[in-house]
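Please open the model in a viewer and keep the selection panel at hand.

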Amino acid sequence: MEEFDGEPTVTWIPGVNSQKKQMCFDWGPGEMLVCETSFNKKEKSEMVAGCPFIHIIRKDIDVYSKILRKLFNESHGIFVGLQRIEEELTGKSRKAQLVRVSKNYRSVIRACMEEMHQFAVADKDSAIGRQFSSQVSILSAMELIWNLCEILFIEVAPAGPLLLYLLDWVRLHVCEVDSLSADVLGSENPSKHESFWNLPGNTQTLTELELRWQHWHEECERHLQDGTFASNPHLESLCKVLLGDDAALLEHKELLSNWYHFLVTRLLYSQPTVKPMDLHLYAQSSLDLFLGGESSPEPLDNILMAAFEFDIHQVIKECSIALSNWWFVAHLTDLLDHCKLLQSHNLYFGSNMREFLLLEYASGLFAHHSLWQLGVDYCDHCPELGRVSLELHIERIPLTTEQKALKVLRVCEQRQMTEQVRSICKVLAMKAVRNNRLGSALSWSIRAKDAAFATLVSDRFLRDYCERGCFSDLDLIDNLGPAMMLSDRLTFLGKYREFHRLYGEKCFVDAASLLLSLMTSQIAPRSFWMTLLTDALPLLEQKQVIFSAEQTYELLRCLEDLTSGRPLCGEPDAQQLQDDDIETTKVEILRLALARNLARSVIKEGSLEGS
Amino acid sequence: MYCLGVPIPILQMVLQHKDWHAFALVQSRLDEEGRRIFAFGAGLFVPALPTEENWLSAATVPHKKISKTRWRPLPPGSLQTAETFATGSWDNEENYVSMWSIGDFGNLDSDGGFEGDHQLLCSIKHHGDVMDLQFLDQERIVAASSTGCVTIFLHHPNNQTLSASQQWTAAHYHTGPGSPSCSNAPCTGVVCNNPEIVTVGEDGRINLFRADHKEAVRTIDNADSSTLHAVTFLRTPEILTVNSIGQLKIWDFRQQRNEPTQILSLTGDRVPLHCVDRHPNQQHVVATGGQDGMLSIWDVRQGTMPVSLLKAHEAEMWEVHFHPSNPDHLFTCSEDGSLWHWDASTDGPEKSSLFHQGGRNSTFLSHTISNQANVHQSLISSWLSTDPAKDRIEITSLLPNRTLSVNSLDVLGPCLVCGTDAEAIYVTRQLFS
């Protein structure tokens with residue numbers, strides 16, 4: 001185990017006095033249930049009114065922000081696109097694509113920030129408005145960090161252009177924090193520098209540039225020492241600034257909004273060709289000088305410093321601790337992984353950092369009532385634990401309508417998750433049975449290929465038939481097709497209905513042999529035999545002979561099987577006696593009809609053979 | 001491609017991806033320099049987000065998954081193009097029915113002029129998922145809810161508000177075994193023919209309402225043993241329903257018997273049918289979409305099986321629509337995130353070459369005219385004819401990169417609107433360019 005990276009934060013459960021009461025909890029995916037318990041070792045628990053609520057504790061609260069849904073939805077599209085980037089692409093084209101992806105992510109963050117800002121401004125006096133503006137600053141910090149990571153890790157700017165990127169970075173982020181500093185930047189990075197940067201162009205090498213810059217720098221220094229500007233303190237101070245004098249710059253600290261602004265200004269005037277590897281030295285000293293021991297660095301400062309030190313893992317770790325969402329670290333880590341910057345790092349938990357963070361983010365999405373569809377693609381792109389994670393989450397999605405269930409089923413079927421398909425169909429079939437929708441229930445169990453449940457539903461159909469004397473849901477039963485073979489009982493139901501259809505169509509001979517075969521092939525359940533034999537009665541009473549002698553013997557054997565196997569009861573009550581009475585009469589009638597039919601068929605068959 | 005039935009139509013299908021610019025998105029967003037950037041082409045992208053002008057109403061309408069999109073019908077004889085549509089949302093804690101305007105495409109200025117052009121006009125909270133949405137007339141819209149409730153919303157264009165004007169609670173419900181209490185069943189489909197409203201649901205029930213009656217005019221309990229997924233009018237007293245075991249049933253409200261007058265079905269596999277639409281001019285021609293993404297064309301006058309089965313999407317086809325005034329064109333959308341345009345009018349190379357000449361507007365005009373002429377000339381629908389040499393369906397995929405399900409679409413004139421689970425609404429005003 002590694003040690004903790006900081007004190008774990010304490011979440012207070014409202015209404016529970018943790019000094020006096022105890023709490024119990026249970027883990028869920030992305031959530032936790034907490035409630036008060038009355039467990040007490042010493043004496044019987046005094047029934048002091050405690051907290052009557054069960055609380056759901058969520059980890060990733062930003063998932064529930066209504067405005068950030070745009071961030072989740074749009075970044076999902078970018079994420080899926082990034083996974084499709086062809087591996088073969090190498091060198092420049094691949095880098096260009098990765099930089100474009102990174103810019104797309106940032107563009108979505110900015111779009112959300114803008115929207116959030118509108119809400120904050122419009123509602124600035126209320127608590128919600130304040131909440132929005134704090135969200136704006138979090139989003140702004142996220143974009144600031146992402147942008148710096150993009151310059152250092154993805155763009156991998158070399159000495160020279162590096163400062164240009166950093167200038168853009170500061171200009172973009174300082175501008176929006178404070179319009180005053182925007183003006184300052186506009187005037188303090190005067191046109192001199194614009195033309196200065198235009199000068200080298202592409203024709204000059206870095207060394208040439210360095211030489212010329214050195215020359216200009218010395219000239220400035222000479223002017224200062226000669227006291228050219230001594231008459232005017234403003235000009236003198238300006239000259240010092242141009243020379244990158246720390247003290248002179250810090251005199252105007254109020255114009256520099258923060259230490260990284262100071263850092264870039266300092267680099268511009270003293271080290272325009274700073275190498276990426278030296279950045280952290282300047283960054284550290286700028287931070288120390290700017291804070292001047294008055295205040296300690298904040299989380300954002302630490303994150304930026306870690307980036308300047310090229311310590312990617314530290315950046316991700318600090319971000320995970322500081323931010324209230326998994327979105328940022330999950331997407332940034334994934335992108336850096338595609339830049340092949342994270343391969344060596346394995347965790348002692350989960351599989352690797354990329355997967356771990358993506359799955360944490362995905363579980364937040366699955367816990368959300370509406371964003372679960374996005375989580376699926378994140379799981380798909382986690383080769384080691386993604387599938388298992390998806391299997392666990394997908395079964396727990398509440399199925400409010402069949403339409404939603406179909407969408408969930410589609411997700412499972414596309415991934416051959418047969419176990420989950422079965423369980424979802426079973427849930428739906430159970431629901432349909434409870435709602436008395438037997439047809440639907442049967443459809444769902446056929447889709448799940450769930451033979452046991454199909455048998456159960458078929459029994460319900462048969463029971464309803466026995467009670468009402470007619471079939472319901474004929475449109476379904478008549479069109480079972482090959483699905484009929486799913487379970488014996490379902491086959492029987494289908495065939496028994498076919499018997500009724502044949503009988504209705506007056507195909508008596510076919511109907512009779514079908515009826516007999518249902519009993520002799522043992523498809524019909526024993527409990528149903530009496531009904532089947534009773535159904536044979538009208539066929540036996542037809543004018544023409546339908547059952548042959550052989551068939552009649554078979555029927556007789558079925559009847560005897562049924563009556564001889566009947567267990568003897570001890571003390572029959574009145575109801576049972578009456579039932580038995582009816583049964584006995586039925587058997588008597590059947591025997592009579594069978595005997596008569598046998599006689600007729602023997603005569604008929606005999607006379608046919610004789611003639 | 002699969003074909004059933006004796007005459008086997010051999011349809012050559014060309015699946016091509018429409019040029020990105022032909023249906024480009026218009027998005028405004030800040031770039032990394034902090035500037036507002038616009039990307040636009042012939043189409044118009046309306047992101048499901050509130051705009052500056054109407055953020056107040058937008059505050060109560062957060063981002064949500066779109067289940068239905070419908071154009072508001074134009075007044076008869078109007079020469080305008082569609083500009084107002086309604087959307088419904090699903091799978092949120094709070095769902096809404098909303099009205100949107102796409103405004104005039106002509107007057108966009110160079111700097112941020114789009115902001116006012118796609119705007120949310122108004123929204124109203126809707127209890128449960130919006131399962132279906134249909135305009136009754138220009139002001140009234142009927143919403144079907146997953147709670148089994150059917151509501152008529154009235155749109156007041158003067159002050160841009162929506163209000164519930166009439167409601168049938170528990171229009172669809174289950175009766176549990178042995179208990180008299182009933183639980184609500186989702187209402188899955190609704191179709192309107194002012195003043196009549198027909199609804200179907202997971203309870204297999206068909207209701208016929210009249211906009212001015214409090215009670216249902218006619219109810220067919222247990223009309224279907226499985227879930228009814230969609231309904232449409234065939235001829236006025238006759239309706240068509242599709243169900244989850246691949247059957248298409250025709251019901252006649254003039255008959256007192258609660259039995260369908262005709263049952264047509266896919267053979268064998270009992271693949272659920274999710275959507276149905278009737279040809280606007282030839283009422284016997286019907287198109288349905290199934291769970292396997294297959295498009296079936298039926299001739300309800302003959303046979304009990306589809307005339308042709310066309311392999312289409314990779315997952316559930318959620319909606320199918322014939323173009324109301326240009327019925328050689330058909331549009332489908334699917335769970336697999338695709339939106340397709342089926343064109344059965346291209347029957348010769350000389351005709352298609354005509355379309356690709358000239359400016360966009362004139363192209364569209366000539367297209368419309370030639371197609372209407374075509375309809376009048378041939379009595380046989382291009383969807384039913386079986387001449388392999390002549391017939392050719394050209395399929396164009398309209399959305400560039402598919403992600404999540406396209407749940408709904410609607411076409412009116414040259415305009416198409418569709419809504420997705422990725423919480424986006426796409427609109428194009430130049431379908432035939």
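How many residues does the contact take from chain A, and how many from chain B? In this predicted model, the contact takes 53 residues from chain A and 59 residues from chain B.

**First stop: the interface**

Display both chains together. Between chain A and chain B an area of about 4600 Å² is buried, and carbon and sulfur atoms give 46% of that area. Now select A:Lys407, A:Arg410 and A:Arg437; these supply 14% of the area that chain A buries against chain B, more than any other three residues.

Next, turn to the polar side of the interface. The rule finds 28 residue pairs in polar contact across the interface of chain A and chain B, counting pairs with both residues at pLDDT 80 or more. Several helices of chain A each supply at least two residues of the side that touches chain B, among them H1 (69-83), H2 (91-122), H18 (402-414) and H19 (418-434). H2(A) gives the largest share of this side, 11 residues. By residue class, the side of chain A that touches chain B divides into 16 nonpolar, 17 polar and 20 charged residues.

**Second stop: salt bridges**

There are five salt bridges between chain A and chain B. Select A:Lys407 again, this time together with B:Glu335: the two form a salt bridge, and their closest N and O atoms are 3.0 Å apart.

A search of the whole structure finds 38 salt bridges over all chains. Select A:Arg69 and B:Glu423, which form a salt bridge with the closest N and O atoms 2.5 Å apart. Why does this pair join two chains? A:Arg69 lies in helix H1 of chain A, whereas B:Glu423 lies in the loop between strand S32 (415-420) and strand S33 (424-428) of chain B, so the pair joins two chains.

Select strands S5 to S8 of chain B. Four strands form an open sheet in the order S5-S6-S7-S8, with antiparallel pairing. Strand S5 (65-71) and strand S8 (119-126) of chain B are the edge strands, each pairing on one side only. Neighbouring strands of this sheet are turned by 20 degrees against each other on average, direction ignored. Strand S7 (residues 95-101) of chain B is joined to S8(B) by seven bridges, and the two run antiparallel. To inspect a bridge, select B:Met99, whose bridge partner in S8(B) is B:Cys122.

Move to strands S1, S2 and S3 of chain A, which form an open sheet of three strands in the order S1-S2-S3 with antiparallel pairing. Its edge strands are strand S1 (22-27) and strand S3 (54-58) of chain A. Here neighbouring strands are turned by 30 degrees against each other on average, direction ignored. Strand S2 (residues 31-37) of chain A pairs with S3(A) over five bridges. Select A:Met32 to see one of the residues concerned; its bridge partner in S3(A) is A:Ile57.

**Last stop: backbone details**

Most residues other than glycine have a negative phi, and most peptide bonds are trans. Select B:Asn194 and B:Pro195, which a cis peptide bond joins, with omega about 5 degrees. B:Pro195 is found in the loop between strand S15 (187-193) and strand S16 (196-201) of chain B. Finally, select A:Lys449, which has a positive phi of about 55 degrees although it is not a glycine. A:Lys449 is placed in the loop between H20 and helix H21 (451-468) of chain A.

Methods: Residues numbered from 1 in each chain as written. Chains lettered and ligands numbered in written order. Predicted model: local features only at pLDDT ≥ 70, side-chain atom pairs only at ≥ 80, totals over all residues. Heavy atoms only, no water. Contact = heavy atoms within 4.5 Å. Buried area = accessible area lost by both parts, 1.4 Å probe. Salt bridge = Lys/Arg side-chain N within 4 Å of Asp/Glu carboxyl O. Polar contact = N/O pair within 3.5 Å; in protein donor to acceptor, adjacent residues only side chain to side chain. Nonpolar A, V, L, I, M, F, W, Y, C, P; charged D, E, K, R; others polar. Pairing = 2+ DSSP bridges. Axes fitted to C-alpha atoms, helices over the stretch in contact; angles between N-to-C directions.
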